[in-house]
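Me: I have a model open and want to go through it with you. Can we start with the helices and then move on to pockets and loops?

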Amino acid sequence: KQGQTAFNQADYNVAVEAWEKARNKPNIPANLSTALAEAHFRRALTDPASPLVDLQRAVKLTPSDPRYHYHLALTYHRLNQIEQAEPIYRKLLAMSPPFQRAAFPLAQLLAKKGQAVAKDPVWSHLNEVEQNCLSAVLALSRNQPAAALRYISSGQADSLWSGLAAFALGEATTAGQDLATALNIPDLHARSRSVIHYYLGLLAIQAGQTELALTHWQTAQGDGLNTPHLRQNLAMLLYQQALAEQQAGRPTQALGLLEQSRKLNGDVIDELADELRGQLHLEAGYAHSQQGHWADAFHHWQAAQEDGDTSRRLVTNMAVAHDKLGQFQQAAELWREALRRRPRRADHQDALNKQQVARLWQHIAESYKKAGDYDQSIETYRKALKWSPDNVEIGLNLVDILQAEGRWQAADNQLRRILKKHPNHIDALTHQAESYEADNNFKKARQIWRRILEIDPQNSVAGPQLAHLYEKEGTNLVRRGMNKKAIAVYQEGLEQIPDSPMLHALTGATYADMGDFDQTRQFFEQALAFDDDHLSTLHLIVTVWLDNKQRDEIDKTLQAVKSLDPPAPASFLLELAEHCSEANFDKYAWNLLEFTEQTYPDNIEVLLEISWRLHEDDQDAKSAGYLKRILHQNPNHAEANMHLGTIYYIKEQRRLARRHWNIAEQQARKENNTYLLQMLRITRNALVHGIPAPPRGLIDLLGSMPPELAGFLDELDSFKKQ
């Protein structure tokens, strides 16, 4: 019953499985073998991939049914196992009455074997139409198209054969008409359609219509035709089209056509295509490089190399591509290979002179440097110098990398070699001065900078660097409490660079440390006279007057700051306000903040700083107003949301507080701002859970220390002093 249900639903797998099991049971129905045979037969028809086993099983189960034998013979025939198919066909025709359907395929089989079909007993089993059809086909296969025409009627069904015969007779117009008629036959078999398209393609080629021929042949191929003639003709046509695309300057399209051609008929095309493919890859690489598509260019050049192109030109192209792609290690190796392959004969058209070889070694060294391979870079810079020992640029490049690697002695030796030949070379002297400065040998560094100024009084680097050295040495002396020596150094610097605002300002700051404010005032005035908008100078002057509580001078200097045109940056003004606050000049701090807000009314950092200061002054209502201005510009600003949440929590507006804290947390996570996340956690713990914040430094730590531990540390300090 299960098998019957499955059979009715065309599920022949289940039907076969169920009925095979049923055959092992007692009292089986008499017709079970017949039913099982039919299930195997139908499964064979619906699953043409492997029908032999099912058909053989059906024949064995019901040997008296000629259908099963016939389809088994057809399957052998289609699998080209004609020795197994022929006896089955003959056995079917020998039945009484004969199984006539076996006659025509048997006649086809005999024709394929080259036997005389008309002399075989099977001929009497064929009707007139079948005999004429076979006679026409046999005549065509023997290259007798005129004879074939005698057996072909004028009906539409025979237009395929008449078209083929006309083609063989060279009657192109008639052949085209008959084949076009055949192509419109309803329910035309795919194999017949593919043959028609093949011959229409041949006719198109004869008429010089290559595009039409390609369309017909590709259609024939799509319909399943896969004969050697089709593959060869299609391959040659695609090859010719590839040549046309190359001539039209479209190498990428040509490569696609060439690859299709090779897949169709590799043996025939390979010999023609190898050289062309390499050339096309070269040309495609050039085309992509001109468009800046360097990855595609390299892909094509690499393919050309794989096809056997070992030319220096190709290696050079690939090196350029690696350079453009930022793959500097690979570029350097390829440049070295290109250099090794250079022509050695001086009269060769591609020969390189010594300077060109040196430049290539220099480029290789630069590529190694970009790749971070400094040892190779140093080695190749030295190779470049061997080819061009007087090339100062290469020598200084070597100095740069030696200094970067901390190989100061080697760098100094190289500089000495350069300066021995070129004693007034500004760049070499600059490197030497920087080398002395890095070694904290300020005296020698200053000597070199002064020499540069003697050679080139307008040098834009030497003056500031010389001033910087005096500033640096004087500042170090001030830190050690040697103010008078520092002033002497600054004075020496001013003799060399009298218009340096910072040297004047530092001299004034040092006099302030010594309590001589008259001298301080004098040097500050001179500093501002040389450069009244020099921010670092103004910053130093304000800081000095703040530290020394000189209100009049603070007023005057801050007024100078506010008068700058263009205005000082907001960050500079905020930093000055912070210094005022640290020096306990809150009035000046607020004055600067108000000025900064007026100057930069929409600057979020300014608004945030003001809101924070208002919060510290217990002016939370005003502080919240500034935070809301920030959130109006940027609703997701993490820090503003955190601070506003804190103010709302203090005001016991818990729901609003949580809302702003949540926004702050989401944004901080999005920005990966771990500091803000930590501050938010500390704030919540302190306000919501009463957990005190951890100490932020030594002062906080000592302030939160238990009395017992604090006493122990006092005793320890006393012990150390004893």
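Reply: One term to begin: contact means heavy atoms within 4.5 Å. Helices (H or I, at least four residues) are DSSP runs, numbered from the N terminus. This is a predicted model, where local features need pLDDT of at least 70, side-chain atom pairs count only at pLDDT 80 or more, and totals for chains, interfaces and linings use all residues. Residues are numbered from 1 along each chain as its sequence is written, and side-chain values use heavy atoms, with hydrogens and water left out.

Me: What do the buried residues of α3 pack against?
Reply: They pack against α1 (2–8), α2 (12–22), α4 (52–61) and α5 (66–78).

Me: And which residues of α3 are buried?
Reply: Leu32, Leu36, Ala37, Glu38, Ala39, His40, Phe41 and Ala44. Buried means under 20% relative accessible area, exposed over 50%, and partly exposed in between (1.4 Å probe, protein chains only).

Me: How far apart are the end C-alpha atoms of α3?
Reply: They are 21 Å apart. That agrees with the 21 Å that 15 residues, 32–46, should span. The expected span is 1.5 Å times one less than the number of residues.

Me: Now α28. How many of its residues are buried?
Reply: 12 of the 13, so α28 is largely enclosed by the rest of the structure. The buried ones include Pro501, His504, Thr507 and Tyr511.

Me: What covers them?
Reply: The cover includes α26 (462–479), α27 (483–496), α29 (517–530) and α30 (535–547). Helix α28 covers residues 501–513 and reaches 19 Å from first C-alpha to last, close to the 18 Å expected. After α28 comes Gly515, with a positive phi near 85°.

Me: Which element gives the largest share of the lining?
Reply: α8, with nine residues.

Me: How does the lining divide by residue type?
Reply: Into 26 nonpolar, 11 polar and three charged. Ala, Val, Leu, Ile, Met, Phe, Trp, Tyr, Cys and Pro count as nonpolar, Asp, Glu, Lys and Arg as charged, and the others, Gly among them, as polar.

Me: Ser194, buried or exposed?
Reply: Buried, at 0% relative accessible area. Ser194 sits in α12. Leaving aside neighbours within four places in sequence, Ser194 contacts Ala220, Asp223 and Leu225.

Me: On to loops. Which residues does a cis peptide bond join?
Reply: One joins Ser96 and Pro97, with omega about -5°. Another joins Asp565 and Pro566, with omega about 5°. Pro97 is in the loop between α6 (82–93) and α7, and Pro566 in the loop between α31 (551–562) and α32 (570–582).

Me: What is phi of Asn80?
Reply: Near 65°, a positive value in a residue other than glycine. Asn80 is partly exposed, at 47%.

Definitions and conventions: Helix = DSSP H or I, 4+ residues; strand = E, 2+ residues; numbered from the N terminus.
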